[in-house]
Amino acid sequence: MGRKLDPTTYVKRGPGRKSRKQKGAETELTKFITEEETAQKRLSSRSRKRAGKRAQVTKKPKVTAVKEEPNKGFTDENSEWLKPAKRKREADHIDDDDDDDSDSQWEQEEDEEGEGQKKKGKRQLIENDDDDDDDDDDLVDDYGASEDSGEGEKEGESDEELLPIEKAAKKQKKLQEVMDQETDDDDEEEEEEEDKDGEKSGDEDMDEEDTVQVNIDEMDTFKLPKAEDIAKEGVMLVDLQTIHQRIKDNVDVLSHFSTKREGGKDRAEYLSLLKKDLSTYYSYNNFLIDKLLEIFPVSELIDFLEANEIQRPVTIRTNTLKTRRRDLAQALINRGVNLDPLGKWSKVGLVIFDSSVPIGATPEYLAGHYMLQGASSFLPVMALSPQEGETILDMSSAPGGKATYIAQLMRNTGVVVANDASADRLKSVVGNIHRLGVTNSVVCNYDGRQFPKVMGGFDRVLLDAPCSGTGVISKDPAVKTSKDESDIQRSAHLQKELILAAIDSVNAESPSGGYLVYCTCSIMVEENEWVVDYALKKRNVKLVPTGLDFGKEGFTRFKERRFHPSLKLSRRFYPHSHNMDGFFVAKLKKFSNTVPTTTVDNGAVEETEPSGDVKVQSDSFDEEKPFKAGSKNKSKKQKPDGKPVVSQATANGKSAKSIAKKTQKNENPTVPKKAKMDNETEKVDKEINKSNIVKTDKETSKEGSRFQKKGDKQRKSHIQSKKRIGKNKFNKLKKLLKNEFGNEHL
Amino acid sequence: MRPLTDDETRTMFEKLSKYIGENIKLLVDRPDGTYCFRLHNDRVYYISERILKLATNISRDKLVSVGTCFGKFTKTLKFRLHITALDFLAPYAKFKVWVKPGQEQSFLYGNHVLKSGLGRITENTNQYQGVVVYSMSDVPLGFGVAAKSTQECRRVDPMSIVVFHQADIGEFIRSEDTLT
């Protein structure tokens, strides 16, 4: 309980509310007038002050010359000493005007009102003149002189300024009032300070005006800023608004280059400015902007960059193992979640607009009724279209979203092998798998590149390769600045190794499958089309339609690179056009378990090469159709469970069929693969489908003769490369051979 | 990965039978293929034969999880059921407890079930009987042990505990690292 105030000892503080003086009509009038005034010029209060000041500076001094005389002195002497004071007066007047910015307006009004009075006054003066000529001679002279000079100066000005006496009197009165009031003085001081500031900021004002002017110019024709301006920008603070405007104008010019370009400037200049502006405005590094500019046309690039600034909608996937989408939606709506079905293309997706509860901690989530998953992550699994009872590998599975989706599509039949290279991230995979009630899973922690050695013969493989993450910049803005050329190259290299390992894990003879889906959350061509193109050359795979009815086609040509034409079957997804993370999906079908081996410098293969009667098989340099070429080298190889490789190949040279087989039952079966990897990394492409090495018998190789052999072989293969047998004939041959030799070697 | 020894099997089955009683044989003899229990890293996994075969390809140190984890053997060789086993406990559970929506959240944060939050309980539940906890909309939330028999539950005051908490699905988030 607080102490009660004793009313007897209560001391009043301050004048109290009612003692405050009520404002008179003049304030209301001010308001009224300011409204009119502001309608004319839309300026901030400061700039209005300054504008007023500028007007004063131009007009007032002339007025003041006349003003003072009637009050202060009537003699020439007076006028003399008044002259130096004029300047001070000017300043004062300016101050006054600044002081009561709003007042000045009604002051003017008063002036206007006072016009009549002024006229009267003048008349009086004239009368005076008439009456007391002698008395007021000086006066008259003065007036005459002043009026003359005044009129001479302000011929072009309005009537109001022609009658300055009354105005001057008003000013005088005001001045006195100002002198009386201390508070006003304080204000004055402040104003003076502000004036100093104002002088400093005057330049800036001018700058602002200039920029405004420039912007107006830009509306008409966009002009490239000069080099020194740009240099200056680097030093000075940059105005993002200006840059944004400049980007817009620049894009406009670039999209209608022939009509809107500035004479003498070429496209490169515009582009370099645009790049610089974009990297400043969106804070990307130059490398990434360059890369993106290669992928997108300019106008689309802006959309893309803008889309990266906004978050993608939160989407969830219904776990059909435990519930139905309708039930889940109802349960979530009851919890105060605002949601909608994701789209026609998905039967399990829901978009969350807003939620009153954390969507990752509802009892439904914990019970495994749904999984938080980006819309783009649905796509590769849908492209994979797992069938019930199949054996499927998810090569890099963390955090388990896609793996559980696969299991859900298979209704917990078959096997899902969820692999990931990181043991830490596997914990979330295990958690999610158990939470969602997936029982057909095996979780393991291998490096994906080793996988074919561990296990093979999968019906389908999903490879969500680790990537630079340029498609998910909205999720992880660090990508904007952290990536450079070497990062892209590094991940592309890893991806190439992984895709080969993934292809090797697939069993082409699977009755229902033999498919591989390759996807990344990157939009870089190096990590997508290039990698797939590489796989097409290296393995017996072909691209098949993904089964996704939207998305943009993959590139078949990019800068100087030409990819396999079937790459248009792959799909790209962009944040700005599909409102999901940037994504790339390609579906490959493996049509033969053979691994087309490269001959030229494959030391390991050479080791097993017989020294004697070697017949060399034809090869093809047909880069356009690597898989067709690959099919020629049909052979049986590699039981998926990692047994030693036994390959049998047919050869064809000048209609004489030579039967050869390659047994890789060497000292070390892993050596060939390793060596091949090295090759692949070194010489990225060109000579891919060099023919299989052919051997007649299980003879041991002689190290000495190896290199000679190699040379011979190469030459022969060049000669023979033109003559190939057709597919049908080849198949017949193959069957024949199988019957004869197949059983022994397999 | 190895099959369970007799002792281990007995310990585990004793534990399981507290919740699902004789339904335990439904887990072992399934119409859709043979299922078995395997021990890996002290944890017991319930796997179908087919997956088991495939999993033998994977070396021991690289295998993280296979099938469904039921629980683990402690250092004192007792068996502790994990929440991951709930998928197999819930359909066969003999004694059930339903919690009211208000107490749902509390249970999911690891608290015991109070009388005030008790929605329904299976008739003639004995004291210390293993029970599976459901929400009122029949979503399994976890399992525990009945602190009071059904008869006692009717009489006790609202703030007394009726089910001791053992595991709840909130652990999927709270203790993701120790699940397997």
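# Close-up views of a two-chain predicted model

View 1. B:Tyr45 stands opposite B:Cys69 in β5(B). Their setting is the pairing of strand β3 (residues 43–48) of chain B with strand β5 (residues 68–73) of chain B, antiparallel and over four bridges. Here strands (E, at least two residues) and helices (H or I, at least four) are DSSP runs, numbered from the N terminus, and two strands pair if DSSP finds at least two bridges between them. This is a predicted model, in which local features need pLDDT of at least 70 and side-chain atom pairs count only at pLDDT 80 or more, while totals for chains, interfaces and linings use all residues; side-chain values use heavy atoms, with hydrogens and water left out. Residues are numbered from 1 along each chain as its sequence is written, and chains are lettered from A and ligands numbered from 1 in the order in which they are written.

**View 2. The open sheet of chain B.** Follow the strands in the order β1-β2-β3-β5-β6 and you have crossed an open sheet of five strands in chain B, with antiparallel pairing. β1 (2–3) and β6 (79–81) of chain B each have a single partner strand and stand at the edges, so one side of each is left without a neighbour in the sheet. Strands of a sheet pair through backbone hydrogen bonds, either parallel or antiparallel.

**View 3. Strand β7 of chain B and its two partners.** Strand β7 (residues 96–99) of chain B pairs with strand β10 (residues 130–135) of chain B in the parallel sense, over four bridges. Look for B:Lys96, whose bridge partner in β10(B) is B:Val132. β7(B) also runs antiparallel to strand β9 (residues 118–121) of chain B, joined by three bridges. There, B:Val99 has B:Leu118 of β9(B) as its bridge partner.

**View 4. Strand β12 of chain B with β8 and β11.** Strand β12 (residues 161–168) of chain B pairs with strand β8 (residues 113–114) of chain B in the antiparallel sense over two bridges, and B:Leu114 stands opposite B:Ile161 in β12(B). Strand β11 (residues 140–146) of chain B is also antiparallel to β12(B), over five bridges. In this pairing B:Phe143 stands opposite B:Ala167 in β12(B).

**View 5. Where chain A meets chain B.** The contact (heavy atoms within 4.5 Å) takes 34 residues from chain A and 30 residues from chain B. Together the two chains bury about 2,600 Å², 64% of it on carbon and sulfur atoms; buried area is the accessible area (1.4 Å probe) that two parts lose on being put together, summed over both. In chain A, the residues that lose the most area to chain B are A:Leu366, A:His434 and A:Thr439, together 24% of what that side buries.

**View 6. Charged and paired links across the interface.** The rule finds two salt bridges between chain A and chain B, where a salt bridge is a side-chain nitrogen of Lys or Arg within 4 Å of a carboxyl oxygen of Asp or Glu. In a salt bridge, the side chains of B:Asp87 and A:Lys322 meet at 3.1 Å, N to O. The elements giving two or more residues to the side of chain A that touches chain B are α16 (363–366), β6 (415–419), α19 (423–435) and β7 (441–444) of chain A. Of these, α19(A) gives the most, with seven residues. The chains also share strand pairing: β7(A) and strand β4 (residues 63–66) of chain B are antiparallel over three bridges, with B:Leu63 in β4(B) as the bridge partner of A:Cys444.

**View 7. The annotated site at A:Cys521.** UniProt, in an unreviewed entry, places the feature "active site" at A:Cys521; its positions are given in the numbering used here, feature names are shortened, and annotations may be inferred rather than shown by experiment. A:Cys521 sits in the loop between β9 (515–520) and α23 (529–538) of chain A. Leaving aside residues up to four places away in sequence, A:Cys521 touches A:Cys467, A:Gly469, A:Thr470, A:Gly471, A:Val472, A:Gly582 and A:Phe583.

**View 8. Two backbone details in chain A.** The peptide bond from A:Ala398 to A:Pro399 is cis, with omega near 0°. A:Pro399 lies in the loop between β5 (391–394) and α18 (401–409) of chain A. In the loop between α18 and β6 of chain A you will find A:Arg411, with a positive phi near 55° in a residue other than glycine. Most residues other than glycine have a negative phi, and most peptide bonds are trans.
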